[in-house]
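Here are my notes for your read-through. Keep the structure open beside them and find each residue as you go.

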Amino acid sequence: MDARLNYFASPTAGKALKYFMSAGKALKDSPLQAATQELVALRVSQINGCAACIDMHTKEAAAAGETSVRLNLVAAWREATVFTEAERAALELAEEGTRVADAARGVSDEVWAYAAKHYDEEQLTALVVLVSFMNAVNRLNIITQQPAGNYEPGQFH
């Protein structure tokens, strides 16, 4: 499969994505735990069906020491016993934040309160921005049919 657009060859994409990707770097440096960031990025990408991002975040998480059991269970996190309560809160917020059109109500007060019980304001800010960022990146990749499978950990960092 070939991508519809080559973002690396486009001057417009180069200008816009330079700033966009710096937002991703700022998130990496946020106080939200790196493992949580990868789990959330993976779950958002699974919901949206972004193969390129699923490839990337699965490999990044594995390279950082995440277990295959946890990575394989992200899609079914509600029934899995391998996630902390804080991770479960982050995954639930990520799902509701990604499915805003489906739910037609956004993130519920209950889900927000559950996340706020486990994360301080800076971590919540990073979590909200991460969910929004991943949804945007997923759309960039899906619209242009970016291929998956060849990502190498650290390739974009």
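1. Start with the second largest pocket. Helix 2 gives the largest share of its lining, with four residues. Helix 2 and helix 3 are the elements that each give two or more residues to this lining. Please remember throughout that this is a predicted model.

2. Now go through the lining of that second pocket by name. Lys-28, Ala-34, Ala-35, Gln-37 and Glu-38 are among the lining residues. Glu-60, Ala-61, Ala-64, Gly-65 and Glu-66 line the second largest pocket too. By class, the lining has four nonpolar, two polar and four charged residues. The volume of the second largest pocket is about 200 Å³.

3. Next, the largest pocket. What is its volume? The value is about 790 Å³. Its lining is made of 32 residues. Nearest the centre of the largest pocket lie Met-21, Met-56, Val-137, Asn-141 and Phe-156.

4. Which helix gives the most to the lining of the largest pocket? Helix 1 does, with seven residues. At least two lining residues come from each of helix 1 (11-28), helix 2 (34-48), helix 3 (51-63) and helix 8. The lining of the largest pocket divides into 19 nonpolar, nine polar and four charged residues.

5. The crossing is left-handed. On the helix 1 side, the contact uses Leu-17, Phe-20, Met-21, Ala-23, Gly-24 and Leu-27. They meet Ala-126, Val-129, Leu-130, Phe-133, Ala-136, Val-137 and Leu-140 of helix 8. The residues of this contact are 12 nonpolar, one polar and no charged.

6. Last, the residues where helix 5 and helix 8 touch. Helix 5 brings Ala-90, Leu-93, Ala-94, Gly-97 and Thr-98 to the contact. Helix 8 brings Leu-127, Val-128, Val-131 and Asn-135. By class, six residues of this contact are nonpolar, three are polar and none is charged.

Definitions and conventions
Residues are numbered from 1 along each chain as its sequence is written. This is a predicted model: local features need pLDDT of at least 70, side-chain atom pairs count only at pLDDT 80 or more; totals for chains, interfaces and linings use all residues. Side-chain values use heavy atoms; hydrogens and water are left out. Contact means heavy atoms within 4.5 Å. Ala, Val, Leu, Ile, Met, Phe, Trp, Tyr, Cys and Pro count as nonpolar, Asp, Glu, Lys and Arg as charged, and the others, Gly among them, as polar. On a 1 Å grid over the protein atoms alone, a cavity is a set of points where a 1.4 Å probe fits but cannot get out, and a pocket is an open set with protein on both sides within 12 Å along at least five of seven lines; lining residues have an atom within 4 Å of a point. Grid points are joined across faces, edges and corners, and a volume is the space filled by probe spheres set on the points. A crossing is left-handed if the near helix is turned anticlockwise from the far one by less than a right angle, and right-handed if clockwise.
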